[in-house]
Amino acid sequence: MAGSEGLMEEEQREISDNNPLADALLVVDVQNAFVQGPGAVPDHAVLRSAVEVLLDKARSAWAPVIFLQNDGPAGAPDEPFQPGWKLHYPPLSGELVIRKTEDDGFDGTDLDTILTAFGVKDLVICGVLSEMCVAATARAALERGYGVLLPHDAHATYDVPAGPGSQGVPAAMAARAAEWSLGDEIRICASAREVRFKERA
């Protein structure tokens, strides 16, 4: 038994070393159109479960929770004020919603100013779509000097259809490729359950 406990402690230290305590949670475009119903991303149930874990952890630590909400064009599933545009998880009192029109959540918004005001240095990002708004926002955060942790089970996308001279790509592979495209600075963990937030008074 003592050996098992020692191994567990070592694994926990490795998780702590690889994934510093996060300051805030950024939830990217988790809107009804993408996570429920016939238009939802594959494995949307897994995504929702992971996002719920992150929300619970961040809220328990009183860490800032910020929701990005995409304003799609007319006729799009996320057209403003249509059912699919609504955030799937209603923000609690004190949690912020930032509307955007670009993939990069920093582009044309106050996101950087808000994170700076909260004293955020290490950010957890989750949501959709992996290779679009999640990757663009993560890349922009890295460029601004933020540490970024991306839990593998907490972002998702659609299957990529076949193109000229290429076969289609399953959603899970597209999501992993999006992680890889972010380079060495991004931190990846397998599960949202590994994430820890700094306790705020």
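**View 1. The annotated domain, residues 24-160.** In an unreviewed UniProt entry, the annotation "domain: Isochorismatase-like" covers residues 24-160. UniProt positions follow the numbering used here, feature names are shortened, and annotations may be inferred rather than shown by experiment. This is a predicted model, where local features need pLDDT of at least 70, side-chain atom pairs count only at pLDDT 80 or more, and totals for chains, interfaces and linings use all residues. Residues are numbered from 1 along each chain as its sequence is written, and side-chain values use heavy atoms, with hydrogens and water left out. Over residues 24-160 the chain is 31% helix and 22% strand. The end C-alpha atoms of that stretch are 31 Å apart. Helices (H or I, at least four residues) and strands (E, at least two) are DSSP runs, numbered from the N terminus.

**View 2. Strand β4 and its partners.** Strand β4 spans residues 122-128. Of its 7 residues, 7 are buried. Buried means under 20% relative accessible area, exposed over 50%, and partly exposed in between (1.4 Å probe, protein chains only). In a regular strand the side chains alternate between the two faces of the sheet. One side of β4 holds Asp122, Val124, Cys126 and Val128; the other holds Leu123, Ile125 and Gly127. Two strands pair if DSSP finds at least two bridges between them. Strand β1 (residues 24-28) pairs with β4 in the parallel sense over 5 bridges. There, Val28 stands opposite Gly127. β4 also runs parallel to β6, joined by 2 bridges. Val128 stands opposite Ala156 in β6.

View 3. β4 and β5 run parallel, with 3 bridges between them. Asp122 has Gly147 of β5 as its bridge partner. β5 also pairs in the parallel sense with strand β7 (residues 187-189), over 3 bridges. Here Leu150 has Ile188 of β7 as its bridge partner.

**View 4. The crossover from β4 to β5.** β4, helix α5 (residues 130-143) and β5 make a right-handed β-α-β unit. A crossover is right-handed if, with the strands pointing away from the viewer, the path from the first strand over the helix to the second runs clockwise.

View 5. Which residues of helix α6 (residues 171-181) are buried? They are Ala171, Ala174, Ala175, Ala178 and Glu179. These residues cover an arc of only 145 degrees around the axis, so they sit on the same side of α6. The arc is that of the directions from the helix axis to the C-beta atoms. An α-helix has 3.6 residues a turn, so residues three or four places apart point the same way. On the other side of α6, Ala172, Met173 and Trp180 are exposed. The buried residues pack against α5, β5, β6 (155-156) and β7. Contact means heavy atoms within 4.5 Å. Gly183 follows α6, with a positive phi near 80 degrees.

**View 6. Ser60 in helix α3.** Ser60 lies in helix α3 (residues 44-60). Is Ser60 buried or exposed? Ser60 counts as exposed because its relative accessibility is 55%. Its side chain reaches the backbone oxygen of Asp56 at 2.8 Å. Ser60 and Asp71 are 11 residues apart in sequence. In space they are 30 Å apart, C-alpha to C-alpha.

Definitions and conventions: Polar contact = N/O pair within 3.5 Å; in protein donor to acceptor, adjacent residues only side chain to side chain.
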